[in-house]
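This report describes selected packing and pocket features of one protein model. Please consult the sequence and structure shown here.

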Amino acid sequence: MRTLTSFLRLAALPLLLGAASTGRAQTPTSFFGFELAAGGTGPSGIALADVNRDGRLDCLVLNTGTNGVAVRLGNGSGGFTGSLSVGVGRQAQNLLVGDLNQDGNPDFVVLNSGDGSLAVRLGDGQGNFSGGDVATGVVQAATIQLADATGDGQLDCVVLSSTGEVRVLAGNGQGQLLATGQATSFTAATYSGYYALAVADLNQDGLQDLLAPATGGVQVKLGTGGGQFGPETTVAMPLTLASEVMSGDVNQDGLADVLAADYMTQSVYVRLNTGGNSYGPTVTVPLPDYPAPVKLADVNGDGFPDLLAAYYGSPTIYYRLGNGTGAFPTGGQVTVSGVFNGANGFAVGDVNQDGQPDFVTSNSNQNFSVWLNTLLPRRLRTGYSFPFGYNQGLTQLMWTKGNGMNRVVFIREVRPGRAPLVEPVDGVTYSANYQEMSVRTHVARGTYTLGPGPSRDSLAYLRNPSIGHVYEMAVYEFITDPTLGPVYRRHPSVRYTFTTARYAPTLSATNANPGPQLNWDIAAQYKATAFQVERSADGVSFAPEGQPVAAADSANTVRSYNQQSSTPLVARTFYRVRLSHADGTTLYSNVVELAPTPLPVELVSFAAKLRPDGGAQLSWTTAQEKNSAYFDLQRSLDGRAFESFGRVAAAGNSTQRLTYTGTDPRPLSRATYYRLNQVDLDGTQHLSSIVVLSPAGTPRALTCWPNPAAAGDRPAVRLSGLTDFTAPVHFSIRSVATGQLVRQQQLPAASTVEWPVSVDGLSGGVYLVEAQAGKDRLRTKLLVR
């Protein structure tokens, strides 16, 4: 690919918009950008997706002039290569990406506004696309959105015409879009020149709603299911010529808020969703130019949605940073030369795999731009490590660096009355070749520089610190300008305050003869003298166990130690290791709990099946038994409260595989839960796993409970009615919004199969739960809040 412009300098230091010069964003950001050929003419849209499944984001560029979508494969460092162009229809616009056939590969849809059809192209996971065009049945189709508008877990396409008509083309999960139901219409006329549509669940009923701008506000139609929508209402805003309508949770309250950009007033208006189809007062976010297009996305990685805005006729892109309250108080701008009439599309993603959100733009000069995020270093961490054998400690300070820029580290010891940490001055080069606070590294007023260390992450070493003293460190990244010299990124630096400390040992323990075997490691030692094993009956009061173990005075590598107790373990006991130092410092390891070796019964299987008389036949197998008395048979109707209904004597002691059976003669009238309570000769009890059995004729059903679910919940996905079914059951959960597979599990067949699944880490929204048993496939929806 021919590189038209290579821009590896910062386009601009952050420019604060609408804030005092001393203001700072919650998480500042800046970008540097460069241009690449778009592989066609008239680029009008852009998207990011991993189309060849190599773990790196690729770029799709819609070229309206040449009726094609260029596929540019990412190299993981911000560059893109390849020359494939996928043909689409005339006057193509609105490039959207999603998994339409649920094969895990990104697909895309383009609106061919020349004839109002949709170009549907399915990806093969290797960077290739194929497919045909679909008639929308909409006259003067103007814009589209992908969403699950019918509520069946499949991606659908919502089409808006220039006259306000809306039609849903339902996805069937196989890559086809089919017209369904009657079209609906917005009564207010949409704008000539800008047609905007957004889809979001505004009232948290699990159904997608429609948003479109009009003079005086945003029109809203609440979804009623099946791709149908209710009467419209208006979220009032002072709109005169809206260029964009958006929805997102900008104040982090779990509700989708409403935003719209207005071309004429040069502003973005925000109405916060307060629930019950009500909205707070209008918040105005001023912009310095005429915004089109505008995108809502997190561009600085702080978890809050931000605003990106381009301007027709301008090479400048502005960003406004959200603070999580619904306001966007600060921002900046970036510029790439050669963009004749500005950017006309955005996509946000981590294209260089540095953990920071970047973005790409399609430009009106036949190119697209890559904007790499130069977010300041983060994930700062510190630890006392690698002390030298000649009694000079070394503190290792580690952080994640930015995008390959230079950096300098300033440090001071924090004491009452001391001056604050000095900041670097542009144009001044500071010494960074030493690892100590001395005359040769002194900057001013008690501030010193630290030397570098080699690592994938950036390192700085502080030699010979005072143990227990407090230090403050700041990392400043900078670029070197040919004329000005170093230009430091100070808004803000990454600062960290730490207290120097030593490593503590890490203990593990196992039962052995004649007593427990104790083993411990320590990553590094500094002026250490001895280790002492201690034991406790309650985990609170500890006493020495055995003789002290001599420690290496100082070591900069991992050292291992061990000691075996001569006292047999007869009751639950807690152990720890105490580490003493020459200067009186004492550190303790983690606490390990040991119990006497159990008298195990190894249960290898437990199953239940229906008897001809409607009762239950239980069977289980043990691999070995030791001091086992009997098995107590228990049942429950709710899976929580169990009752005993029988007892089967155990073998006592056995090293052979034994099989047992038990009978519940009571005919089953509903799903019943069974378990075993295995009792040892000394009265110790051990519960088995639970099996569920349903009466004959129970229809197959897939349920989730609780539903909706929130963080910390473990909804039970239950498939019932599988009597005499032997094939494994495959469960899967996919995001309705993105089509991404987020959970899957395969379980053995039973009359009722239950899968407890954690929703921790899942974004709020609707998820499609699917269970496949042989040729049968059942689906339901799970709402995560």
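## Second largest pocket

Strand β50 (601–610) provides five residues, the largest share of the lining of the second largest pocket. The model is predicted: local features need pLDDT of at least 70 and side-chain atom pairs pLDDT 80 or more, while totals for chains, interfaces and linings use all residues. Residues are numbered from 1 along each chain as its sequence is written, and side-chain values use heavy atoms, with hydrogens and water left out. Strands are DSSP runs (E, at least two residues), numbered from the N terminus.

The lining comprises 41 residues, with V691, V692, T752, V753 and E754 nearest the pocket centre. By class, 24 are nonpolar, nine polar and eight charged. Domain 4 (602–693) and domain 5 (701–784) each contribute at least three lining residues; these bounds come from an automatic or database domain assignment.

## Largest nonpolar core

The largest nonpolar core has 21 residues, and L702, V717, L719, F731, W755, V769 and L782 have the most contacts inside it. Such a core is a set of buried Ala, Val, Leu, Ile, Met, Phe, Trp, Tyr and Cys residues joined through side-chain atoms within 4.5 Å, where buried means under 20% relative accessible area with a 1.4 Å probe, protein chains only. The largest share, four residues, comes from β63.

S565 lies in the loop between β46 (559–564) and β47 (573–581) and is buried, at 4% relative accessible area. Its contacts (heavy atoms within 4.5 Å) beyond four places in sequence are P514, G515, P516, R535 and E545. S565 and G515 are 50 residues apart in sequence, yet their C-alpha atoms are 4.8 Å apart.

How values were computed:
Buried means under 20% relative accessible area, exposed over 50%, partly exposed in between (1.4 Å probe, protein chains only). On a 1 Å grid over the protein atoms alone, a cavity is a set of points where a 1.4 Å probe fits but cannot get out, and a pocket is an open set with protein on both sides within 12 Å along at least five of seven lines; lining residues have an atom within 4 Å of a point. Ala, Val, Leu, Ile, Met, Phe, Trp, Tyr, Cys and Pro count as nonpolar, Asp, Glu, Lys and Arg as charged, and the others, Gly among them, as polar.
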